[in-house]
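Thanks for coming. I will go through one chain today, residue by residue where that helps, and then the whole.

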Amino acid sequence: MPLPRYGVAIGTFQSFSRDPSHDFGHWYHGHLALSTPQGTYQAALDVDAPSSVGVSYRVVDDLRTIDIATVRAFADGFHFLASNPTSGALDYVRSPMLRDPSWLDRLKELLRRLGLLWRRPAPGDPVFRPNLADLLAGRLGRYSAFRLFPWVSSDGDNALDVLEPHLHAASRLYVFGQAFDTGLGVHDVHQNQGDPPGDHYAGNGIWQDGAVVCENPDGSVVVWQIKFNTQTLDTDSNGNPR
C-alpha cells in the first residue's frame, strides 16, 4: 500500500552531519537539516546497512529545473504528494528523468539472473547490488553521447561524500520521503518499492520513492538516490517484485 505521509520537504540548506561512529557493514546515516518557514526539517539518510541488506547509491546530474517543474512551483515547507505521475512524486522505475536506457535494464537483469543461477541465494538475499552492467554504464557515461548513471555500492561514507558538495552548492533542496509522525522531519528517503516478502513488503508502492534533489543557482538539478540491495527495480503496478 502507498506510504500514508509521502511527500517532499522543500527549503534551503542549514546543516549536515553523520552518525558519530561508523562500523562498516552496520546501519549508518547522514543527517540533513533544511530551513523552511515552518521551522527546521530533519532528514535521516540511510547509507549503510548490514551485509544481509546492503545499500547502493546513484547520482543523476544532467537535469534542469524544467524536469522538476511541478514541485519547484511549491512554496518552501512540506507538501504531501499523491502517488501518481502528475503530482511531482518520484519513482525510480517510472520517472522519465531517472530511467536508464532499456538496453541497460535488460543487460542488468540478464546478469542478475545468471548470478542467481550460479549462487542460488536464499529469498530476500541482497542480490540487487550493482553488477557488471553498472560498471559498464560508469565507463560509457564518461562520454557525452551516453546518458548513463550507474548504481554504486555504498560503504556509507562514499555515498555521503558524493552528496555533501551538492548540498552546499544548492540554492534550494527537495527531500522526498515520508513525513515524521510527530515533529518536523522526513524519513524513508530511499526507494520504497521492490521489497521482497517480509517486514517491508507492505510498504511497497509506485510513485513514492525518496531522494534528495539539489537545485543549483545556474538552473542545473542533481538527484541523489538510495536503495537497499534487497530491493528490485523490476516491479509491478503495485510496486511489488515481479
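Glycine 54 counts as buried, because its relative accessibility is 12%. Buried here means under 20% relative accessible area, exposed means over 50%, and partly exposed is in between, with a 1.4 Å probe and protein chains only. Glycine 54 is placed in the loop between β3 and β4 (55–64). Its C-alpha is 9.5 Å from that of tryptophan 27, and the two residues are 27 apart in sequence.

A word on what you are looking at. This is a predicted model, in which local features need pLDDT of at least 70 and side-chain atom pairs count only at pLDDT 80 or more, while totals for chains, interfaces and linings use all residues. Residues are numbered from 1 along each chain as its sequence is written, and side-chain values use heavy atoms, with hydrogens and water left out.

Now the overall fold. The protein chain has four helices and ten strands, in the order β-β-β-β-α-β-α-α-β-α-β-β-β-β from the N terminus. Helices (H or I, at least four residues) and strands (E, at least two) are DSSP runs, numbered from the N terminus. The radius of gyration is 17 Å, close to the 18 Å that the globule rule gives for 242 residues, so the protein chain is as compact as a globular protein of that length. That radius is taken over C-alpha atoms, and the rule is 2.2 Å times the number of residues to the power 0.38. Along the principal axes, the C-alpha atoms fill a box of roughly 55 × 40 × 35 Å. Of the 242 residues, 48% are buried.

Next, the rings. How many aromatic pairs does the structure hold? There are four aromatic pairs. One of them is tyrosine 41 with phenylalanine 78, stacked at 6.1 Å centre to centre with 15° between the planes. The criterion is that rings of Phe, Tyr and Trp (its six-membered ring) pair if their centres lie within 6.5 Å; planes under 30 degrees apart count as stacked, over 60 as edge-to-face and the rest as tilted. This pair links distant parts of the chain, with tyrosine 41 in strand β3 (residues 39–48) and phenylalanine 78 in strand β5 (residues 77–80), 37 residues apart. Both tyrosine 41 and phenylalanine 78 are buried.

Phenylalanine 78 also pairs with phenylalanine 80: the ring centres are 5.1 Å apart and the planes are at 80°, so this pair is edge-to-face. Buried or exposed, for phenylalanine 80? It counts as exposed, because its relative accessibility is 58%, whereas phenylalanine 78 has a relative accessible area of 15%.

One more ring: lysine 227 lies over the face of tryptophan 151, at 5.9 Å from the ring centre. The cut-offs there are NZ of Lys or CZ of Arg within 6 Å of the ring centre and within 35 degrees of the ring normal.

Last, the backbone. Aspartate 188 is not a glycine, yet its phi is positive, about 55°. Tryptophan 207 likewise has a positive phi, near 55°. Aspartate 188 lies in the loop between β8 (185–187) and β9 (211–215), and tryptophan 207 lies in the loop between β8 and β9. Aspartate 188 counts as buried because its relative accessibility is 18%, and tryptophan 207 counts as buried because its value is 9%.
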